[in-house]
Amino acid sequence: MELRTYWSVILRRLWVIALVVVVVSIYSGYQYYKIRKTPGALHAYSSNVTLLVGLQASTKITDHSNYTDYVAVSESVADSFTTGPALTSTKFGKQVYDQINVDMPQIKQKFGENPDLGDLANPGIAVGAISSSLTASRAHSLVTISASWNTSAGAWAISNAAGEVSTAHINDYTDYVVPNDTRAAVTSVERPVVAAKVIISASDAATIAGSQASKPTLLLVLVLVALLIGIALAFLIEYLDDRLRKTDDAVQLLQLPVYGEVPSLPSLDNAKSRKTQSVV
Amino acid sequence: MSIPAQGQMTLLTDYEPDSAYSLAYQKLYANISFTWNREHTKQQTVLLATPTPYPGQAAVAANVAITAAQSGVPTILVDADLHTPTLEQRFGVGKNSGLSDLLTHKTQASIETTLCDTFVPNLRLLPVGNTPQQATSLLFSKQLPTVVAGLRTFLAETEREPALIVFNSAAVLASTDAILLSDLVQQTFLTLISGRTTRRQAKKAQEQLQHTHGTLMGVIMLNV
């Protein structure tokens with residue numbers, strides 16, 4: 001089949017291709033519309049806060065640990081805080097949520113009287129959403145907590161609150177001594193406690209790719225795939241179509257000569273003006 | 001005077017002689033006429049038929065006849081499609097006696113009186129006539145060979161020039177009309193419509209026409 005023949009098949013079956021592409025385009029368009037309407041789907045905001053995690057020095061401590069021991073334990077604690085389940089726990093999320101409410105005057109001062117906090121305004125889902133929005137990384141004892149949120153104010157508020165909660169409650173999550181049943185006996189031993197200190201405050205939220213940022217590309221690919229499927233379908237229909245289209249087909253089939261090829265009836269608009277035809 | 005109404009078949013005479021449509025028919029007629037042995041046969045008989053019913057079939061036969069007439073060949077166009085007679089209306093010949101009357105002998109019709117002159121010089125039309133109840137059985141009549149022979153005799157007596165009789169018939173696969181006529185004419189042409197006629201229909205029509213004594217000369221391709 002010549003290239004021109006392929007093209008004529010595509011032109012003849014254009015309706016099939018168009019149908020498939022239009023249907024898939026409508027679906028893709030609807031999906032894209034939904035994504036655009038979903039806050040944080042295409043674009044999200046990220047704010048970071050950096051903490052220094054370590055053991056709190058005290059003159060009361062009577063053990064004989066040296067500086068290297070302190071550094072090693074601090075890094076171990078920072079690692080467990082970063083990679084452990086603490087940050088993503090419901091308890092931590094609840095603490096952050098409560099802290100945000102406490103911080104509300106500060107938030108309003110920074111973002112105006114009615115800050116757009118996104119899902120934070122919905123208490124039913126806020127705690128869970130906060131837990132899943134937090135990630136952390138560390139460099140030695142420096143832990144950076146990142147909060148991704150669908151609004152700029154929300155990301156900053158979470159990041160800021162996470163820093164505050166970590167500072168206040170890190171010992172609850174990363175105590176390196178596991179107490180036994182007699183808690184009193186343990187606490188009677190003087191030992192350094194884990195502490196955290198915010199060294200870089202919550203940054204202004206930066207725009208990052210949303211959770212469904214790659215979906216528009218996939219939808220576009222879907223339309224292109226639909227185009228290919230439409231073309232394939234057009235050739236399949238052509239293959240199954242038994243109708244004669246070309247003179248060569250008739251010659252090959254019937255083994256008879258073709259005496260004439262008459263084009264489609266042209267429009268009479270192009271024909272000469274109607275004659276008055278005399279009937280004798 | 002006759003002007004085709006809207007929706008009515010359009011004839012070659014509705015178009016410029018140098019239009020692609022007209023030139024295609026001129027080429028078709030030329031190709032058909034090249035096959036004639038004018039030394040032996042002065043009156044050529046040609047049948048055009050489609051495998052399945054097609055509204056434009058009568059126009060194809062009419063246009064071939066018009067082209068022949070315009071080239072100076074005395075021509076008779078026979079509307080033998082007794083099921084759907086259309087040519088008499090298009091040529092504006094009114095409700096005259098015609099082929100069916102010649103076959104039934106119900107009237108005193110003769111070939112000379114049933115032939116109608118048309119607005120195309122050199123072209124006469126033999127219309128269907130009074131539409132019969134059982135059209136197919138009419139063509140089974142023993143009169144059919146007599147009528148065809150009579151038409152040739154009429155042309156031989158009235159025309160010095162070589163002449164042509166063009167038959168328009170019902171579709172090959174729709175009735176036996178085309179097969180009956182094919183047996184009586186010298187040349188049969190199968191008209192295939194691009195994008196409409198299927199391979200199966202074309203092959204079946206060819207097989208049916210080749211069972212007769214007639215000569216299936218070739219194919220005319222429409223709407224290419």
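Q: How many residues of strand 5 (residues 163–169) of chain B are buried?
A: First, the terms. A residue is buried if 20 or more other C-beta atoms lie within 10 Å of its own, exposed if 12 or fewer, and partly exposed in between, with C-beta atoms placed from the backbone. Helices (H or I, at least four residues) and strands (E, at least two) are DSSP runs, numbered from the N terminus. Here, seven of the seven residues of strand 5 of chain B are buried, so the strand is mostly covered. This is a predicted model, in which local features need pLDDT of at least 70, side-chain atom pairs count only at pLDDT 80 or more, and totals for chains, interfaces and linings use all residues. Residues are numbered from 1 along each chain as its sequence is written, while chains are lettered from A and ligands numbered from 1 in the order in which they are written.

Q: Which strands pair with strand 5 of chain B?
A: Two strands pair if DSSP finds at least two bridges between them. Strand 1 (residues 43–49) of chain B pairs with strand 5 in the parallel sense, over six bridges. Its residue B:Val46 has B:Val166 as bridge partner. Strand 2 (residues 75–80) of chain B also pairs with strand 5 in the parallel sense, over six bridges. There, B:Ala80 stands opposite B:Ser169.

Q: What is the order of the strands in the open sheet?
A: The sheet has eight strands, in the order 6(A)-7(B)-6(B)-1(B)-5(B)-2(B)-4(B)-3(B). Its pairing is mixed. At the edges stand strand 6 of chain A and strand 3 (116–117) of chain B. Each has a single partner strand, so one side of each is left without a neighbour in the sheet.

Q: How does strand 6 of chain A pair with strand 7 of chain B?
A: Strand 6 of chain A and strand 7 (residues 216–222) of chain B pair in the parallel sense over four bridges. A:Gly260 stands opposite B:Ile220.

Q: How many residues of each chain are in contact with the other chain?
A: Two residues are in contact if their C-beta atoms, placed from the backbone, lie within 7 Å. Here, 29 residues of chain A are in contact with 41 residues of chain B. On the chain A side, helix 9 (247–254) and strand 6 (258–262) each supply at least two residues. Strand 6 gives the most, with five residues. By type, the chain A side has 16 nonpolar, six polar and seven charged residues. Ala, Val, Leu, Ile, Met, Phe, Trp, Tyr, Cys and Pro count as nonpolar, Asp, Glu, Lys and Arg as charged, and the others, Gly among them, as polar.

Q: Which residues touch the most other members of the largest nonpolar core?
A: In soluble globular proteins, nonpolar side chains tend to be buried together. A nonpolar core is a set of buried Ala, Val, Leu, Ile, Met, Phe, Trp, Tyr and Cys residues joined through C-beta atoms within 7 Å. The largest has 76 residues, of which B:Leu48, B:Val64, B:Ala65, B:Leu77, B:Val166 and B:Ile220 touch the most other members. Helix 2 (residues 57–70) of chain B gives the most to this core, with 10 residues. A second, separate core of 40 residues includes A:Phe92, A:Val96, A:Ile100 and A:Ile170.

Q: At what angle do helix 3 and helix 6 of chain A cross?
A: Two packed helices are described by the angle between their axes and the distance between the axes. Axes are lines fitted to C-alpha atoms, for helices over the stretch in contact, and angles run from 0 to 180 degrees between N-to-C directions. The axes of helix 3 (residues 67–83) and helix 6 (residues 152–174) of chain A come within 10 Å and cross at roughly 90 degrees. That makes the two helices roughly perpendicular (65 to 115 degrees; under 35 counts as roughly parallel, over 145 as roughly antiparallel, and the rest as oblique). A:Val77, A:Ser80 and A:Phe81 in helix 3 meet A:Ile170, A:Tyr173 and A:Thr174 in helix 6.

Q: Where is A:His140?
A: A:His140 is in the loop between strand 2 (134–139) and strand 3 (142–149) of chain A. Most residues other than glycine have a negative phi. Phi of A:His140 is positive, near 55 degrees. A:His140 is partly exposed, with 13 other C-beta atoms within 10 Å.
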